Amino acid sequence: MSMAGTTLRALRMGARVISALFNPFWFVTVMFVLMFTLTYLSMLPAFYKVYVLAVVLLFTILIPLTAIFIHGKVLKLPKGYLSAKENRIIPYAFTLLSYFFGYLLMQRMLIPYYMTILLLVALVAMLVCALVNVKWKISEHLTAAGAATGVVVFYGSLFTTGVVWWLCAMILISGLLGTARMVLGEHSLRQVFWGWVNGFMSCVIVLFWF
């Protein structure tokens with residue numbers, strides 16, 4: 001195998017690893033884990049943190065991913081079918097419903113607003129992705145990265161003094177993730193850019209208006 005072929009193969013492997021590590025479904029759970037470990041919220045009782053994380057994990061990862069997996073199996077869809085925008089309609093519906101009911105449940109459980117609003121950010125960002133998907137496809141990975149950057153900007157001053165470092169980390173991750181999605185041929189530069197903008201602006205809109 002030529003040097004160029006080996007390099008390209010390594011790049012694609014690295015891109016797949018980065019895409020898997022920063023899967024958009026992990027966004028809400030990771031934000032909660034960071035709040036519960038790196039901020040003063042770490043002083044909350046362990047039982048309460050596990051309790052909240054279990055609800056978040058169930059409604060933002062387990063339920064939507066299980067529903068999407070079953071949907072693909074029942075219809076015998078090929079691996080990677082979600083790359084085509086026309087195949088994303090039902091998976092988007094599963095995800096939006098799961099996020100919505102998760103948000104309602106967290107409200108009924110009287111979980112503080114500054115926690116439940118993270119799920120609302122994800123819900124709004126995903127709704128925009130679903131609506132845009134009717135005509136075009138934007139990157140869900142970069143939508144999650146943009147939303148996470150917005151969370152760092154608007155929540156950082158409340159929870160930690162190292163906001164600048166967290167912001168730099170999120171910008172670096174966003175750049176790596178955007179590059180990875182383009183290397184894999186999943187998105188164009190425009191789709192990556194507007195995905196990030198969607199996530200960031202969804203966070204801004206939710207935090208200012210809700």
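Author: Angles under 35 degrees count as roughly parallel, over 145 as roughly antiparallel, 65 to 115 as roughly perpendicular and the rest as oblique. The model is predicted: local features need pLDDT of at least 70 and side-chain atom pairs pLDDT 80 or more, while totals for chains, interfaces and linings use all residues. Residues are numbered from 1 along each chain as its sequence is written, and side-chain values use heavy atoms, leaving out hydrogens and water.

Reader: How are α3 and α4 oriented to each other, roughly parallel or roughly antiparallel?

Author: Helix α3 covers residues 46-74 and helix α4 residues 89-108 (helices are DSSP runs of H or I, at least four residues, numbered from the N terminus). Their axes lie 9 Å apart, at an angle of about 160° (axes are fitted to C-alpha atoms over the stretch in contact, and angles run from 0 to 180 degrees between N-to-C directions). The two helices are therefore roughly antiparallel.

Reader: How many nonpolar residues has the contact of α3 with α4?

Author: From α3, residues including V52, F59, I63 and H71 meet residues of α4, among them I90, F94, Y99 and L105 (contact means heavy atoms within 4.5 Å). By class (Ala, Val, Leu, Ile, Met, Phe, Trp, Tyr, Cys and Pro are nonpolar, Asp, Glu, Lys and Arg charged, the others, Gly among them, polar), this contact has no charged residues and 5 polar ones; the nonpolar residues number 15.

Reader: How many nonpolar residues has the contact of α4 with α5?

Author: The axes of α4 and α5 (residues 113-132) cross at roughly 160° and come within 9 Å. That makes α4 roughly antiparallel to α5. Y92, L96 and Y103 of α4 and L119, L123 and M126 of α5 are among the residues making the contact. No charged residues and 4 polar ones take part, and the nonpolar count is 14.

Reader: What is the angle between the planes of F47 and Y51?

Author: The structure holds 6 aromatic pairs (Phe, Tyr or Trp rings, the six-membered one for Trp, with centres within 6.5 Å; planes under 30 degrees apart are stacked, over 60 edge-to-face, the rest tilted). F47 and Y51 are 4 residues apart in α3, so about one helical turn separates them. The pair is stacked, with 6.1 Å centre to centre and a plane angle of 10°.

Reader: What is the relative accessible area of Y51?

Author: Ring pairs link Y51 with F47 and Y48 in a cluster. F47 is exposed, at 68% (buried is under 20% relative accessible area, exposed over 50%, partly exposed in between; 1.4 Å probe, protein chains only). Y51 is partly exposed, at 37%.
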